[in-house]
Amino acid sequence: MNKPYWGLWTLLLVALLTFVVLSFWQDGIIVGGLEIKTASFARDLGAEMTSRPVKDTDTLDASGRLPNGKHPKGWRAPMDSTAKNILFIGDSMLEGLAPRLAKYCDKNGHKLVEVIWYSSSTLCWGESARLTELIKTYHPDYIFVCLGANELYVPDIKRARRPHLKKMLAEIGDIPYVWIGPPNWDEDTGINDLLQQEVDEGCFYLSANDKFDRSRDGAHPTRASAHLWMDRVVKWLGESGAHPIRLDKPAEGISRASRIVIYQPPK
Amino acid sequence: MILDTIDITQLLSLLAFNRDEPMLFTSGLFWVLFLLFLPIYALLKSRRKKMMLFVIAFSLYFFYKSSGLFFLLLVATSIFDWWVAQFIESSKNRTERRIALTVSLIFSLGILLFFKYSNFVIWNWNALVHGNFQPLDLIMPVGVSFYTFRTISYVVDVYKGKIQPVDDYLDHLFFLSYFPCLVAGPIVRSRDFIPQLQENKPATREMIYGGLWLVMLGILKKAVFADYIAQYNNIAFGNPTGYTGFELLMAVLGFTMQIYCDFSGYSDMAIGLGSIMGFNLGINFNYPYRSLNVTEFWHRWHITLSTWLRDYVYIPLGGNRKGTLRQHFNLMVTMLLGGLWHGAAWTFVVWGAGHGIALCVHKLCKPWLDTIASTRVTRFFSWLLTFSFVAFLWIFFRANSFHAAGQIITNIFTDFEWAYLPVFLERRFTWSLMLAIIFGLHFVPRHIWDKLRERFIAAPWIVKLLLFIILIQLVLQFASATVQPFLYSQF
């Protein structure tokens, strides 16, 4: 090998080794307050990127979960008819969804806390401890999440957002939940795939295929359309959701959550 | 310890064909493989036959990784067109030669048309007759548009007697499958490439590190600039009703820079890799947004495509040899086909038609324009007009539909307020800064770029390494950075 080729090869090799070694700090490295992002080599080569595939020989634990921590396909908890403390978190889509869910809560004896973080995404929720703090503050025994609309076009989203989504799900822990997917107005770059992969069986409502009447911004459903959206989610939860609770359909219209918390868009 | 964490199954799945993850020069996997490729290539470089077999094998794997077994189509095309070229050369019968050329064109274009335009035809047919044909579930082989044009140019040049056919089939397969040019060009001609292959000169230090310099520029343009600014452009173009005229104008300017950085960046990487391997692949973009008229723009934008269209469509149609009216007709046909080549949608046809009309108008006005004195003011207005027109047509190139394009244009002209500027700059500061940098870099004089390149080549190894590491870190930093989607969402 001639000298310039040798020089180029060693240059590329040293650079690659540097990034491979750094990639084992999967959450990045903080230097002087600045986060140095790391490459995905370690994640790509290790098996922890996605959940372990289910095997036929896997058995369920006492809470009906497989060894990978997930419920098997088709698993459903029995209907829970007790009154719930419901926490509903998400982005601006809650402005349309939550008032309708509040109406359901009124009729069925549940208490609803609504937390809107404008323009938020799995990134900012995952990077902050806000969800843990909200759970500590309001002690919910049921959680609704609606996130993803601000992430329709994020490149390489499965790599970029999977850790943040996993962190959110870990924060939710054993609390029964429903994740309402974004109401796509355009094809996404993988947020719905990612949610389907990571969110527990029977806990994800795919909204992407629903039809919506949109408000002037072309993205948010109109109020009437958002109420119908919430109705569809509740119907799905009763028929196919993993953790059905009592949500008998109320009359048309909306109500107000017992508490509404608003956070301004992340910087 | 590290080796213990490696999952072999996952490693093998990374190396297998995956239609969602084509191997691009910006992917980590490519650079890991290139690291394995380079020393073997360097060792075999002086042994031409072995070097060729090795590069062909690597190129076909590169194609397989992105397109699966469709790499066999490339092999079939290379065998067929190599044989056709031999036949054309050996045949003295004009009719036979013409039939051979026609069959070759039907074969090459047939593959391209099938994969790229079948569903376009089905959608149009359904729209016309309210039909119910289901679109075909087709995987478009990566780079088929580029290698088809390369093989056509080879056969046509042999037919016209401009070049001799290559005797050795491996030479032709090497040319057609050469991985730096496979995915997105440049559309190198056989007559420029094969002599270099046959001569097989060793790559000089200047070529190797000059190539690395180009690759780094390409990575900066594609993986840092284009991919980052694309995020906001995608959001705004995906939902134009949700954005004001000012925001949409920024998205149009953003896309204007994104497509340049994306395309020229990828070309730079291809040309740089070619240079590292000892091949001169020419240039493909020459500061197109400096152009003072549309004709000049097409002399600077995607040069290998525009010269291909000139040599194999415009001139065979008659070029400028059959009168003004026919010349304009030929120009329009060429640009319409050029538009359709970029994508199977009517919006691309409109984009091509717009450029065709502009070229005709420029040709008509040229005698009058030549009488205007060239001053700074006239040059500025010429540039402004050309840039605005090119940016305007990119709306049709990028928009998902005519409705969306119309919405963007309408909002820009009817819902435009400068009041959005400070908010926009505050909330999308990095995006705005990046746009300004790209724009500014476009006007850095060529001699400064040349000087920087020379300095990079002459720089100590450790400096090159540090620059390379900084660049890749920039890519990582911006890969997961996101652009604020909505300025503020009010229900």
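Okay, quick one to start: which residue in β5(A) is the bridge partner of A:Gly90? The answer is A:Cys146. Keep in mind that this is a predicted model.

Let's stay with that part of chain A for a minute. A:Gly90 sits in strand β3, which covers residues 85-90 of chain A. That strand is mostly covered, with five of its six residues buried. On one pairing, β3(A) runs parallel to β5(A), residues 142-146, and five bridges join them. β3(A) also pairs with β4(A), residues 111-117, again in the parallel sense, over six bridges.

Now, the core. The largest nonpolar core has 185 residues. A:Phe88, A:Leu101 and B:Ile229 are the ones with the most contacts inside it. Helix α9 of chain B, residues 205-238, gives the most to this core, with 21 residues. As for B:Ile229, leaving out residues up to four places away in sequence, the residues it touches include B:Gly254, B:Met257, B:Trp431 and B:Leu435.

Last bit, the contact between the chains. Chain A puts in 44 residues and chain B 45. On the chain A side, α1 (3-22), α2 (41-45) and α3 (94-108) each supply at least two residues. α1(A) gives the most, with 13 residues. By type, that side of chain A divides into 25 nonpolar, 12 polar and seven charged residues.

That's my lot, thanks.

Technical notes
Residues numbered from 1 in each chain as written. Chains lettered and ligands numbered in written order. Predicted model: local features only at pLDDT ≥ 70, side-chain atom pairs only at ≥ 80, totals over all residues. Contact = placed C-beta atoms within 7 Å. Helix = DSSP H or I, 4+ residues; strand = E, 2+ residues; numbered from the N terminus. Nonpolar A, V, L, I, M, F, W, Y, C, P; charged D, E, K, R; others polar. Core = buried A, V, L, I, M, F, W, Y, C linked by C-beta atoms within 7 Å. Buried ≥ 20, exposed ≤ 12 C-beta atoms within 10 Å, placed from the backbone. Pairing = 2+ DSSP bridges.
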